[in-house]
Amino acid sequence: MTHTEPLAGIHLILGGARSGKSRFAENLITQAGQAGGGTYIATGRAWDAEMTNRIDLHKQTRGDLWHTIEEPLDLCAALHACNQPGAQPVLVDCLTLWLTNLMLEDRDIEAEFDHLCDLVPTLDIPVVFVSNEVGFGIVPENAMARAFRDHAGRLHQRMAELAGRVTLVVAGIPMQVK
Amino acid sequence: MTHTEPLAGIHLILGGARSGKSRFAENLITQAGQAGGGTYIATGRAWDAEMTNRIDLHKQTRGDLWHTIEEPLDLCAALHACNQPGAQPVLVDCLTLWLTNLMLEDRDIEAEFDHLCDLVPTLDIPVVFVSNEVGFGIVPENAMARAFRDHAGRLHQRMAELAGRVTLVVAGIPMQVK
Amino acid sequence: MTHTEPLAGIHLILGGARSGKSRFAENLITQAGQAGGGTYIATGRAWDAEMTNRIDLHKQTRGDLWHTIEEPLDLCAALHACNQPGAQPVLVDCLTLWLTNLMLEDRDIEAEFDHLCDLVPTLDIPVVFVSNEVGFGIVPENAMARAFRDHAGRLHQRMAELAGRVTLVVAGIPMQVK
């Protein structure tokens, strides 16, 4: 999981559940950051004990060099605020939790995607976006789940087009997609 | 998503939901076809509004250079009819919708697969087959869904063996499998 | 699916349902084994007719050169017993069925994983581990299924770190991950 090239531009990291995608993304930034850290934009909401544990575990794993911003909905505002000259690289973890929150709040998904995809090319700092690849299973019986994976798939296509690098993490190992 | 080699033989394109696999397949044919188009064999049935919208959207995206054949069941007959000297390349979209229709009509799945896999090596025109990769999730609780993904997996293995090229599309980006 | 390098060390083979991962693993060993066979550690339990048929079909496909050990739970003991100087290569098929059995028997999953991951680096014989990649779908509604895919994902990361080679099988075709 070493990565010797300097971190630059936009990197989209896709992976399955428990694929090690967040850890890979953190390592990318730790190895590239001057101070070994970065800004972590956490989109997940601790709506139950399972999620709280997961978030706490992630925080412990990252350590003290990271600055954490919890932003479940206004991802663009958070990214915009981070976009300062010489600022630390940013890790957004993750797009699918952000999408979950947008859907639960009944936001206009396409408008939110447009906003993000307009913002991304204007960013001057390296940003690593992590997202769950959720489209390789059977069509879900639940209509909300079907809508979710359709939205996620479309967002991944748009973000992959904007990203300089796209990686699929399988069992903790990166496979280069782009 | 550019593809500079001339289109030839059989190409199997797998991808998840909303992975951009159809668009990638269409671009393959558009870039290779002399007239920039091809014959589109649509296996999907518009059984509800969601599906009707999806099919209409696909048609609008393809444009006028394409000749569309809607054939939910007799895929082999449709392919056989297209197999004329100098004919346009064919895009079959998709094998998993065809399989869905076969199962709903209680057809003999293995016999249908045998028929297709006997026909494919005899085709003289380039054919691009699109199909959903559906086997990377949790075992479905629904027995029909389990049977579906088993059939799909077996068909993909057989088609991949016959195909000269196999591509996995991830977030709109092709990963070469074979 | 030819593999000309001599079989050595630990090889983790991931794939979806009906992806041809077991057949690929068997071919790896058949082509490398001096006698063309190996020891097959089957972790699957024939708890219903569907599973019995699947296991029988696998046995018929492998043929007579294979020695089969059925071990649903004590995988480490079975591996330890196989680890003799000059012994045949071993195929473990599969880790996800082993995990299923551990969960059904209410075993301490982390302790079992620790035990396996401590044992693996001490093995002197080539071992091919097959496992289902199950993390690329929608979050399952069933809590047990969620726990299962979390455990599977963590095990795959640990095993991939220990393995010299990791392969993702897609439609019967190997994609090299590591």
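This report walks through the salt bridges of the structure and then one of its sheets. Keep in mind that the model is predicted.

**Salt bridges**

Let's start with charge. Side chains of opposite charge can pair when their charged atoms come close. Searching the whole structure turns up 18 salt bridges over all chains. Here are some of them, with the N to O distance for each.

| Asp114(A) | Arg158(A) | 2.9 Å |

Take the pair Asp114(A) and Arg158(A), joined by a salt bridge. Asp114(A) sits in helix H5 (residues 109-119) of chain A and Arg158(A) in helix H6 (residues 143-162) of chain A, so this pair ties together parts that are 44 residues apart in sequence. Asp114(A) is partly exposed at 34% relative accessible area, and Arg158(A) is partly exposed too, at 29%.

Because Asp150(A) belongs to helix H6 of chain A while Arg18(B) is in the loop between strand S1 (10-15) and helix H1 (21-32) of chain B, the pair joins two chains. Is Asp150(A) buried or exposed? With a relative accessibility of 10%, Asp150(A) counts as buried, whereas Arg18(B), at 23%, counts as partly exposed.

Arg45(B) is in the loop between strand S2 (39-42) and helix H2 (49-62), and Glu105(B) is in the loop between helix H4 (95-104) and helix H5 (109-119), so the bridge ties together parts that are 60 residues apart in sequence. Arg45(B) is partly exposed, at 29%, and Glu105(B) is partly exposed, at 39%.

Back in chain A, there's also a network: salt bridges link Asp74(A), Arg107(A) and Glu112(A).

**The sheet in chain C**

Now over to chain C, where 7 strands make an open sheet with mixed pairing, in the order S3-S2-S4-S5-S1-S6-S7. Its edges are strand S3 (67-70) and strand S7 (173-176), each pairing on one side only. On average, neighbouring strands of this sheet are turned by 25 degrees against each other, direction ignored.

Zooming in, strand S2 (residues 39-42) and strand S4 (residues 90-93) of chain C run parallel and pair over 4 bridges. Ala42(C) stands opposite Asp93(C) in S4(C).

Which helices lie across these strands? One is helix H3 (residues 75-82) of chain C, lying across S2, S3, S4 and strand S5 (127-132) at about 170 degrees to S2(C). Another is helix H6 (residues 143-162) of chain C, which lies across strand S1 (10-15), S5 and strand S6 (165-170), running at about 145 degrees to S1(C).

Definitions and conventions: Residues numbered from 1 in each chain as written. Chains lettered and ligands numbered in written order. Predicted model: local features only at pLDDT ≥ 70, side-chain atom pairs only at ≥ 80, totals over all residues. Heavy atoms only, no water. Salt bridge = Lys/Arg side-chain N within 4 Å of Asp/Glu carboxyl O. Buried < 20%, exposed > 50% of the residue type's maximum accessible area, 1.4 Å probe, protein only. Pairing = 2+ DSSP bridges. Axes fitted to C-alpha atoms, helices over the stretch in contact; angles between N-to-C directions. Contact = heavy atoms within 4.5 Å.
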